[in-house]
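Here's a quick briefing to read alongside the model. Have a look at the structure first, then go through the notes topic by topic.

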Amino acid sequence: MDLALDKNIITAESWKNKGIFIPVFNKEIFTIDVGESEDCLVILHGYLTSSYDYNKVIDELSKKYRVIIPDLIGFGFSDKVFDYYFTSVDQADYILEFCKQLGLKNITFLGHDYGTAIVQEILARKNANVLGLQIKEFIYCNGNLPINHSNFLDTQDSLKSEVSKKIITMLASFGVYKKTMKEIFFDNDNITDEELKQMWLQLEYNHGRKVINFIYNYLRERKIFWNRWSLAIQETTVPIRIIWGKKDPLVDEIIPLNLANKVQANHIHWINDAGHFPMLEKPKEFISAVLNG
Amino acid sequence: MITSDNWKERGKFYTISNKQIFVIDEGEYAETILILHGYPTSSYDYSRVLPELTKHFRVVIHDHLGFGFSDKPDSLTYSLIDQADIALQLWNKMGLKEVSILAHDYGTSVAKEILSRKNHNLIPLKIRRICLCNSSMRLEHLHLRNMGNLLKNKKLGKFIARLTSNSYQKFKKKIKSNSLDPHLNNKYDINNVWDQMNTSQGQKEIHLLSNFINERYTFWHRWTEALKESEIPIKIVWEKNDPIAVKEIAIVMATENQNEKIVWIENDKHYSII
């Protein structure tokens, strides 16, 4: 496919040049680290995508925060893992070591999609006092909640394989990927083919497409940790803020409404006319939501 | 014979994350062995070997949350990862700094999670050695592929049935009567999902049972890697001839059959010289 590159689009290549690789245990973690503030904003991106999701908001965010966005293991430019299921618990271990190595303090975690699960695992450890890390705040953005397995014990397998099949189809070619991604935007004019191509290139990087379909296992984890992760966000003393793309076809708006009821978060910052990726679709609104609480 | 009541009197309770955890702590030595018991038993498994062990070590055995005399919160499901958090908090509260860990069955999964954390620089506890006893590594394979055969197995059937009947059958029924939509799109369902969080409806049966086989499957790589990467000496006890029956039965039989018990004690002695 021949795509004329818009000058305003940040290419995958130039994004890569903006970051550094940080070795954590035996893996290389690609990291965007900008801003001078003592207040750290550690962003954990969602499933299938990468730190690149934040290319439109990072400049503004870094005026207030030191913004640190690792590509999670298996995503973007970070190491991919073969013949190995890298669990959310592993992701949490690596992120904790990563924060330790960078000496991060006053951390605000911003989790989006899959990233919210990793923050929930970190909060569970925090609640259990087995973690010496200062966490100032958790910003929860368009992510699903753990699955109550009493309701889904029998049905979860069909749910899981259905989602899994969908992902496999989606990853078959750039054409399908592009189409599927556009469907989860509120307005598919808010994301260009060129941008999606850059995201696709990162997905493809180092055979990532072959290893990324672990959604089946991830849904199983959401079920296993139903109680652990739900309690983690209910019992935590870390303040939680919710920022939500209101027209998300993947995660219903009942999720943030319930979340706001059950945790110490009484405010949902709705981003209207945005789907699953408010940071890409409505960058200005997203920035203001993060910066102004 | 030590009665259940005697055993309870010998231990004490620690409050961990607002839950009461029963702990046996005996022996006057500095060198400490921590024991993680198996499923679905308790610290009581060790009532017969404790007198011998305490001649050489300080021995700390706690009942996992949901087992023995520890709290059994009906409305909760908890994972092996939670059990690891509880053990770590308890040991920290007891001020233990340098230990050896002996784990059996279900406990070996908890031990492997602790080892993963250790390898990842997440815990200060110094672990001198780990002994994994009758680790049901193979059970999980068989369990997944060949449940029927296991249930038919005379010796194992009882044990396996206990693993499964409470959760699977009852929930099958429950699910059928509810006929829930598998999709998360429906608002009513999602409300339900969340609202059941703190109600105990239907949770009594599954709180211990339904998850851990799945968990071992999910964390297979994490925990195998933990064993591979560990710098801590690890001993894995593995029966040569009849891996499943002998080792899984050992746990159930430990207090029932004199011969099995003797084998068990000898193993225990042998490996816990650690």
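**Sheet in chain B**

Strand β6 (residues 126-133) of chain B runs parallel to β7(B), and the two pair over three bridges. Strands here are DSSP runs of E with at least two residues, helices are H or I runs of at least four, and both are numbered from the N terminus; two strands pair if DSSP finds at least two bridges between them. This is a predicted model, in which local features need pLDDT of at least 70 and side-chain atom pairs count only at pLDDT 80 or more, while totals for chains, interfaces and linings use all residues. Residues are numbered from 1 along each chain as its sequence is written, and chains are lettered from A and ligands numbered from 1 in the order in which they are written.

- Across from Ile236(B) in β7(B) you'll find Leu132(B).
- Helix α3 (residues 80-93) of chain B packs on the sheet, where it touches β1, β2 (19-26), β3 (32-36) and β4 (58-62) of chain B. Its direction makes about 115° with that of β1(B); angles run from 0 to 180 degrees between N-to-C directions, with axes being lines fitted to C-alpha atoms, for helices over the stretch in contact.
- Helix α4 (residues 106-119) of chain B also packs on the sheet, touching β3, β5 (98-104) and β6 of chain B, and its direction makes about 145° with that of β5(B).
- The sheet is open and has seven strands in the order β1-β2-β4-β3-β5-β6-β7 (chain B), with mixed pairing.
- β1 (12-16) and β7 (234-236) of chain B are at the edges with a single partner strand each, so one side of each has no neighbour in the sheet.

**Chain B overall**

- Chain B has 13 helices and seven strands.
- Among contacts in chain B with a separation of 6 or more, 78% come from residues 24 or more positions apart; a contact means C-beta atoms, placed from the backbone, within 7 Å.

**Sheet in chain A**

- Chain A has an open sheet of eight strands, ordered β1-β2-β4-β3-β5-β6-β7-β8 (chain A), with mixed pairing.
- Its edges are β1 (20-24) and β8 (268-271) of chain A; each has a single partner strand, so one side of each is left without a neighbour in the sheet.
- Strand β3 (residues 40-44) and strand β5 (residues 107-112) of chain A pair in the parallel sense over five bridges, and Leu41(A) has Thr108(A) in β5(A) as its bridge partner.
- Helix α4 (residues 114-127) of chain A lies across β3, β5 and β6 (135-141) of chain A, at about 140° to β5(A).

**Core**

- The largest nonpolar core has 122 residues, and Leu41(A), Phe109(A) and Ile101(B) are among those with the most contacts inside it. Such a core is a set of buried Ala, Val, Leu, Ile, Met, Phe, Trp, Tyr and Cys residues joined through C-beta atoms within 7 Å.
- Leaving out residues up to four places away in sequence, Leu41(A) touches Leu61(A), Tyr65(A), Val67(A), Ile68(A), Thr108(A) and Leu110(A).

**One helix end**

- Lys262(A) lies in helix α12 (residues 254-262) of chain A.
- Lys262(A) is partly exposed because 16 other C-beta atoms lie within 10 Å.

Terms used. A residue is buried if 20 or more other C-beta atoms lie within 10 Å of its own, exposed if 12 or fewer, and partly exposed in between; C-beta atoms are placed from the backbone. Two residues are in contact if their C-beta atoms, placed from the backbone, lie within 7 Å.
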